Amino acid sequence: MSPKAIVEVWENTATVFEEHNVPLSENSLETLFKADTLNSILAKLNEIVGSSTTTCIEGG
(Lines give C-alpha, C1' and ligand atoms only; values in the text may rest on other atoms or scores of the structure.)
Protein backbone atom coordinates (compact mmCIF):
# COMPACT_ATOMS: atom_id res chain seq x y z
CA MET A 1 0.00 0.00 0.00
CA SER A 2 1.00 3.60 -0.40
CA PRO A 3 1.42 6.04 2.49
CA LYS A 4 -1.55 7.99 1.14
CA ALA A 5 -3.80 4.91 1.11
CA ILE A 6 -2.68 3.84 4.57
CA VAL A 7 -3.44 7.24 6.09
CA GLU A 8 -6.82 7.34 4.33
CA VAL A 9 -7.79 4.13 6.14
CA TRP A 10 -5.89 4.64 9.42
CA GLU A 11 -5.52 8.39 10.00
CA ASN A 12 -3.47 7.90 13.17
CA THR A 13 -0.61 6.38 11.12
CA ALA A 14 0.26 9.79 9.66
CA THR A 15 2.65 10.41 12.55
CA VAL A 16 4.88 7.52 11.44
CA PHE A 17 5.26 9.03 8.00
CA GLU A 18 5.85 12.49 9.45
CA GLU A 19 8.61 11.11 11.74
CA HIS A 20 10.40 9.67 8.71
CA ASN A 21 9.76 12.66 6.43
CA VAL A 22 7.77 10.49 4.03
CA PRO A 23 5.32 12.35 1.80
CA LEU A 24 1.81 10.93 1.57
CA SER A 25 2.41 9.80 -1.99
CA GLU A 26 0.77 7.07 -4.04
CA ASN A 27 4.04 5.11 -4.35
CA SER A 28 4.07 1.77 -2.56
CA LEU A 29 6.06 1.45 0.64
CA GLU A 30 8.26 -1.16 -1.06
CA THR A 31 9.44 1.46 -3.57
CA LEU A 32 10.08 4.10 -0.91
CA PHE A 33 12.18 2.12 1.59
CA LYS A 34 15.00 -0.39 1.69
CA ALA A 35 14.08 -3.73 3.29
CA ASP A 36 15.49 -3.03 6.76
CA THR A 37 13.78 0.37 6.99
CA LEU A 38 10.57 -1.03 5.53
CA ASN A 39 10.39 -3.69 8.25
CA SER A 40 10.80 -1.03 10.93
CA ILE A 41 8.13 1.21 9.38
CA LEU A 42 5.72 -1.71 9.03
CA ALA A 43 6.24 -2.71 12.65
CA LYS A 44 5.41 0.83 13.79
CA LEU A 45 2.36 1.03 11.55
CA ASN A 46 1.09 -2.36 12.73
CA GLU A 47 1.59 -1.34 16.35
CA ILE A 48 -0.44 1.83 15.87
CA VAL A 49 -3.37 0.06 14.22
CA GLY A 50 -3.24 -2.94 16.56
CA SER A 51 -2.33 -5.41 13.86
CA SER A 52 0.05 -8.35 14.00
CA THR A 53 1.20 -11.32 11.97
CA THR A 54 -1.81 -13.10 13.45
CA THR A 55 -4.27 -10.60 11.97
CA CYS A 56 -2.46 -9.89 8.70
CA ILE A 57 -2.31 -12.04 5.61
CA GLU A 58 0.71 -12.18 3.35
CA GLY A 59 0.41 -9.88 0.36
CA GLY A 60 -2.57 -8.09 1.61
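1. Let us begin with a term: helices (H or I, at least four residues) and strands (E, at least two) are DSSP runs, numbered from the N terminus. With that in hand, the chain can be described as having 4 helices and 0 strands. Reading from the N terminus, the order of elements is α-α-α-α. Please keep in mind as you look around that this is a predicted model.

2. How far can you trust the picture? The mean pLDDT of the chain is 86, and 85% of its residues reach 70 or more. Among the elements, helix 1 has the highest mean pLDDT (95), while helix 4 has the lowest (91).

3. Next, the chain as a whole. It has 60 residues, and 25% of them count as buried. Its accessible surface comes to about 4300 Å², with 51% of that belonging to carbon and sulfur atoms. Look also at who touches whom: among contacts with a separation of 6 or more, 45% are made by residues 24 or more positions apart.

4. Which residues make up the largest nonpolar core? There are 11 of them: I6, V7, A14, V16, F17, V22, L29, F33, L38, I41 and L45. At least two residues of this core come from each of helix 1, helix 2 and helix 4 (35-49). Not counting residues up to four places away in sequence, L45 touches I6, T13, V16, F17 and L29.

5. One of those partners of L45, T13, deserves a point of its own. T13 sits in the loop between helix 1 and helix 2. Is T13 buried or exposed? Its relative accessibility is 1%, and buried means under 20%, so T13 counts as buried. Setting aside neighbours within four places in sequence, T13 is in contact with I6, V7, L45, I48 and V49. N46 and T13 are 33 residues apart in sequence, and their C-alpha atoms are 9.0 Å apart in space. N46 itself is partly exposed, with a relative accessible area of 27%.

6. Now for the salt bridge; the structure holds 1. It joins the side chains of E26 and K4, at 3.0 Å from N to O. Why does this pair tie together separate parts of the chain? E26 lies in the loop between helix 2 and helix 3 and K4 lies in helix 1, so the bridge links parts that are 22 residues apart in sequence. The two ends also have their own labels for accessibility: E26 counts as exposed at 62%, and K4 counts as partly exposed at 31%.

7. Stay with E26 a moment and look at its surroundings. Leaving aside neighbours within four places in sequence, E26 is in contact with S2 and K4. The C-alpha atoms of E26 and P3 are separated by 6.6 Å, and these two residues are 23 residues apart along the chain. Another pair to find is A5 and S28, which are 23 residues apart in sequence and 9.2 Å apart in space, C-alpha to C-alpha. A5 belongs to helix 1 and is partly exposed, with a relative accessible area of 24%.

8. Turning to the surface, which residues form a nonpolar patch there? They are M1, V9 and W10, and together they have about 300 Å² of accessible area. W10 lies in the loop between helix 1 (3-9) and helix 2. With a relative accessibility of 36%, W10 counts as partly exposed.

9. N21 is a residue other than glycine, yet its phi is positive, near 55°. Where is N21? It lies in the loop between helix 2 (14-19) and helix 3 (29-32). N21 has a relative accessible area of 69%, and exposed means over 50%, so N21 counts as exposed.

Note on methods
Residues are numbered from 1 along each chain as its sequence is written. This is a predicted model: local features need pLDDT of at least 70, side-chain atom pairs count only at pLDDT 80 or more; totals for chains, interfaces and linings use all residues. Side-chain values use heavy atoms; hydrogens and water are left out. Buried means under 20% relative accessible area, exposed over 50%, partly exposed in between (1.4 Å probe, protein chains only). Contact means heavy atoms within 4.5 Å. Accessible areas come from the Shrake-Rupley method with a 1.4 Å probe; for residues, only the protein chains shown count as cover. Patches are made of residues with over 30% relative accessible area and no salt bridge: like charges are joined within 9 Å, nonpolar side chains (Val, Leu, Ile, Met, Phe, Trp, Tyr) within 5 Å. A salt bridge is a side-chain nitrogen of Lys or Arg within 4 Å of a carboxyl oxygen of Asp or Glu. A nonpolar core is a set of buried Ala, Val, Leu, Ile, Met, Phe, Trp, Tyr and Cys residues joined through side-chain atoms within 4.5 Å. pLDDT is the predictor's confidence in each residue, from 0 to 100.
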